[in-house]
Amino acid sequence: MILETERLVLRPLGVGDLETTHTYAGDTETTKYMIYFPSKTLADTERFLADAAFEWEKDRPAFYEFAVTLDGAHIGGVTLKPDGQNRQGELGWVLNRDYWGQGYASEAIAAVIQFAFQKRKLKKLVAYCDSRNQASIRLMGKIGLRLESSEGVRRYADARGTSGEHRYSLSIDEEDLSMDRGGREMDEKAKKYVDLFRRVKICSAGTVDAQGKVHSRIINVLMVDARGMFLVASRGKPFYKQMLESGQVALAASVQPNQSLKFDGKVKLAGRAELDEIFVQNPGLGEVYPGETRYILDAFWVYEGCGEWFDLRYHPITRETFAYGGAQEEHNGFEITKGCTECDLCRELCPQGCIEKGSPYHIVWMHCLQCGRCIENCPADAIVRLHP
Ligand code: SF4
Ligand code: SF4
């Protein structure tokens with residue numbers, strides 16, 4: 001099992017790593033807040049490595065001990081211990097202190113998180129740390145783990161005694177997993193317009209905050225696939241909070257010449273795999289968020305919604321609706337009812353000439369501007385509004 005990141009390679013830890021493992025596992029400063037370390041003797045470290053190697057021999061290891069390597073040098077380890085019953089797992093890590101402060105730990109842990117969710121199909125990861133361990137607390141936030149409890153008690157088996165313990169976690173829900181199964185693929189029409197959003201890239205995104213105030217900003221649709229559109233937002237931005245709290249976003253884009261797109265969608269957090277894929281597809285993002293700083297962003301999946309394309313290039317104008325993810329297409333505008341007396345007035349007034357004679361008269365929806373001139377002037381009040 002090999003995991004690769006931008007700078008690191010993670011491979012199974014084994015008995016051949018004795019000296020490099022003991023360098024950090026036996027160091028009291030490095031392992032100051034670790035329950036199972038420090039290793040007092042080389043023999044203790046050897047036993048630990050033998051256990052790790054034994055697990056790697058199994059089809060389904062009870063725990064995975066990854067060696068973190070940089071240019072071939074072994075500099076640390078990341079542990080994933082799955083709980084098969086509940087599809088949960090516990091993360092742990094340690095790094096040779098010569099390599100601290102350079103983002104290697106978070107880069108390695110991110111790869112193991114991706115492995116846990118995507119390959120081992122776990123739903124939740126937890127990690128614990130001593131409440132005094134500020135470096136670990138900062139790292140938890142950096143890799144996207146959220147504080148779940150600060151009430152724990154940490155018991156060391158030696159003179160370190162007891163201390164407070166924090167519990168952090170990161171979850172992926174069933175629907176996030178269903179993204180992997182591609183269970184909500186869109187039809188060809190929706191795909192055409194979603195691809196257009198991606199090609200246009202720059203669009204405005206509207207959200208509503210907890211007080212009902214409307215906000216908009218310019219964003220990029222950074223990735224689309226059969227599941228929908230994907231955006232990113234950094235966790236510090238109001239945009240992030242508003243999408244997370246409301247679960248909704250409204251997108252609008254100008255398509256040259258004289259066409260436009262809009263989409264009202266439901267949105268939820270996507271996984272780290274989607275964020276990494278977005279960075280692959282948009283290399284320029286790496287200049288704005290170099291290295292590990294990318295993980296201050298989260299990817300958002302616009303998983304459901306309906307939209308409309310509007311084309312002003314020709315007379316009459318043309319519009320078309322589309323939807324995906326189980327949402328229904330929405331046809332706003334107007335409809336002529338049986339109360340129509342066939343007086344012909346609306347046909348004369350319509351700027352697009354999109355009203356046809358008949359009993360009753362009929363509005364050709366795809367060419368209607370939705371200007372309202374017909375409904376304002378119908379003497380028989382025979383026209384109704386389809387939108388609120
Ligand atoms: S103006 Fe009203 S009554 Fe006259 S044709 Fe149009 S819909 Fe019918
Ligand atoms: S809303 Fe305007 S464009 Fe549409 S049918 Fe009525 S008059 Fe014509």
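## Starting from Val112

Let's begin with one residue. Leaving out residues up to four places away in sequence, Val112 touches Leu3, Leu10, Phe66, Val78, Leu80 and Leu91; a contact here means that the C-beta atoms of two residues, placed from the backbone, lie within 7 Å.

Before going on, a word on what you are looking at. This is a predicted model, in which local features need pLDDT of at least 70, side-chain atom pairs count only at pLDDT 80 or more, and totals for chains, interfaces and linings use all residues. Residues are numbered from 1 along each chain as its sequence is written, while chains are lettered from A and ligands numbered from 1 in the order in which they are written.

## The cores

Val112 is among the residues with the most contacts inside the largest nonpolar core, along with Ala108, Ile109, Phe197, Phe230 and Phe300. That core has 80 residues. A nonpolar core is a set of buried Ala, Val, Leu, Ile, Met, Phe, Trp, Tyr and Cys residues joined through C-beta atoms within 7 Å. Buried means that 20 or more other C-beta atoms lie within 10 Å of a residue's own; with 12 or fewer the residue is exposed, and in between it is partly exposed, with C-beta atoms placed from the backbone.

Which helix gives the most to this core? Helix 3 (residues 104-119) does, with 10 residues. Domain 1 (3-172) and domain 2 (184-311) both contribute residues, so the core lies between them. There is also a second, separate core of 12 residues, including Ile336, Ile355, Tyr361 and Ile363.

## The whole chain

Stepping back, the protein chain has 11 helices and 20 strands; helices (H or I, at least four residues) and strands (E, at least two) are DSSP runs, numbered from the N terminus. Its radius of gyration is 28 Å, well over the 21 Å that the globule rule gives for 388 residues, so the chain is more spread out than a compact globule. That radius is taken over C-alpha atoms, and the rule is 2.2 Å times the number of residues to the power 0.38. Along its principal axes, the C-alpha trace spans about 100 × 40 × 35 Å.

The domain assignment gives domain 1 (3-172), domain 2 (184-311) and domain 3 (334-385); such bounds come from an automatic or database assignment. The C-alpha centres of domain 1 and domain 3 lie 69 Å apart. Of the 388 residues, 32% count as buried. Among contacts between residues at least 6 apart in sequence, 61% join residues at least 24 apart.

An open sheet of 8 strands runs in the order 1-2-3-4-5-6-8-7, with mixed pairing. Two strands pair if DSSP finds at least two bridges between them. Strand 1 (3-4) and strand 7 (146-155) stand at the edges with a single partner strand each, so one side of each has no neighbour in the sheet.

Further in, strand 4 (residues 73-83) and strand 5 (residues 88-95) run antiparallel and are joined by 8 bridges. Val78, one of the residues that Val112 touches, has Trp93 in strand 5 as its bridge partner. Helix 4 (residues 134-142) packs on the sheet, touching strand 6 (124-130) and strand 8 (162-171). The direction of helix 4 makes about 160 degrees with that of strand 6; axes are lines fitted to C-alpha atoms, for helices over the stretch in contact, and angles run from 0 to 180 degrees between N-to-C directions.

## Around strand 12

Is strand 12 (residues 228-234) largely enclosed or left open? With 6 of its 7 residues buried, strand 12 is largely enclosed by the rest of the structure. Strand 11 (residues 223-225) pairs with strand 12 in the antiparallel sense over 3 bridges, and the two form a hairpin with 2 residues between them.

Phe230 has Trp301 in strand 15 as its bridge partner.

One joins Phe37 and Pro38, with omega about 10 degrees; Pro38 sits in the loop between helix 1 (18-25) and helix 2 (42-56). Another runs from Gln256 to Pro257, with omega near -10 degrees, and Pro257 lies in the loop between strand 13 (248-255) and strand 14 (259-269).

Asp71 has a positive phi of about 50 degrees although it is not a glycine. This residue is in the loop between strand 3 (64-70) and strand 4, and counts as exposed because it has 8 C-beta neighbours inside 10 Å.
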